[in-house]
Amino acid sequence: MRRKIVAGNWKMNKSWPEAQELASALANQGNQFPTEVQVIVCPSSLYIHGLRGILPSSIALSAQNCSQHDLGAYTGEISAAMLASMGVTHCIIGHSERRQYYGETNEIIREQLDACLKNNITPLFCCGETLAERDAGNHFSTVSSQIQQALFQLSAEQIIGVVIAYEPVWAIGTGVTASNAQAEEMHAFIRSFVANQFNQSVADSISILYGGSVNAANAAELFACPNVDGGLVGGASLKAADFTTIIQAAQ
Ligand code: PGA
């Protein structure tokens, strides 16, 4: 059966001393985390190695992005092989901020996914529509096309190793959360879309996380939706107490 997962996306936040402080607080609260919930922390790649020494091994560390290329003259980039060689086990791929501000297309995202899987890194693959797309009634077609272009070239065995995060762009960092009904509707749609391409047992084994203004107050009801298997949390993951409450809400 699929796992409950809560991942904290720190984005471009925290100095190194602040990052160590937050990680130490999480390490101290780790005994309050339900064992059935997989907890993932996604700090700046610069901090991953240092934080490994602070966080317990039960908390996985994830990068926020990786290059689609294997190696070479790509100034400023980090390859999936480099991440793997530093013991990184997860990587966010296709976050809307990457799509929006850094021109990452579905094609690039597909290549990044391949790079992760080739290096045994679990991709946290993000999809989601803008407000304009939802208002125009195009949210299902947007999300299905993102999923189709990035994931449908994978084998059944490979896609089982991918975590999908549905993150409506209009809910990210805005304080506006999708309603439980909107989240469940889209998650159920994604699962059936994957089932149609692969099969039901593949679809049932994939964790589909919700992301977009998840906080300590709304996490429990979002995670109670049958097709919501946890969350990808931005702002609220920067406070140890709130993140702990969100992790507990996923059990
Ligand atoms: P948010 O970010 O929780 O701050 O809305 C979520 C995300 O971008 O993953």
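This note goes through the barrel, its strands and helices, and the nonpolar cores.

1. Basis of the note. The model is predicted, so that local features require pLDDT of at least 70 and side-chain atom pairs count only at pLDDT 80 or more, whereas totals for chains, interfaces and linings use all residues. Residues are numbered from 1 along each chain as its sequence is written, and side-chain values use heavy atoms, with hydrogens and water left out.

2. The barrel. Eight strands form a closed barrel in the order β1-β2-β3-β4-β5-β6-β7-β8, with parallel pairing, where two strands pair if DSSP finds at least two bridges between them. Strands (E, at least two residues) and helices (H or I, at least four) are DSSP runs numbered from the N terminus. From one strand to the next the twist averages 30°, with axes fitted as lines to C-alpha atoms (for helices over the stretch in contact) and angles running from 0 to 180 degrees between N-to-C directions.

3. Strand β1 and its neighbours. β1 (residues 4-9) is joined to β2 by six bridges and to β8 (residues 230-233) by four, running parallel to β8 as well. Val6 has a bridge partner on either side, namely Val39 in β2 and Gly231 in β8, while Ala7 stands opposite Ile40 in β2. Five of the six residues of β1 are buried, so the strand is largely enclosed by the rest of the structure; buried means under 20% relative accessible area, exposed over 50% and partly exposed in between, with a 1.4 Å probe and protein chains only.

4. Strand β2. Six of the six residues of β2 are buried, with Val37, Val39 and Val41 pointing one way and Gln38, Ile40 and Cys42 the other. Three bridges join β2 (residues 37-42) to the parallel strand β3 (residues 59-63), and the partner of Val39 in β3 is Ile59.

5. Helices packed on the sheet. Helix α7 (residues 139-151) touches β5 (122-127) and β6 (163-166), and its direction makes about 150° with that of β5; contact means heavy atoms within 4.5 Å. Helix α9 also packs on the sheet, touching β5, β6 and β7 (208-211), and its direction makes about 150° with that of β7.

6. Helix α2. Tyr47, Ile48 and Leu51 are buried in α2 (residues 45-52). Seen down the axis of α2, its buried residues fall within an arc of 125°, so they line one face of the helix, the arc being that of the directions from the helix axis to the C-beta atoms. These buried residues pack against α1 and β3, whereas Leu46 and His49, on the other side of α2, are exposed.

7. The nonpolar cores. A nonpolar core is a set of buried Ala, Val, Leu, Ile, Met, Phe, Trp, Tyr and Cys residues joined through side-chain atoms within 4.5 Å. The largest one has 70 residues, of which Phe125, Leu151, Ile190 and Phe223 touch the most other members, and its largest share, six residues, comes from α9 (residues 180-197). A second, separate core of 12 residues includes Ile40, Leu124, Ala165 and Leu209. Leaving aside residues up to four places away in sequence, Phe223 touches Lys4, Val6, Val214, Val228, Gly230, Gly231, Ile246, Ala249 and Ala250.
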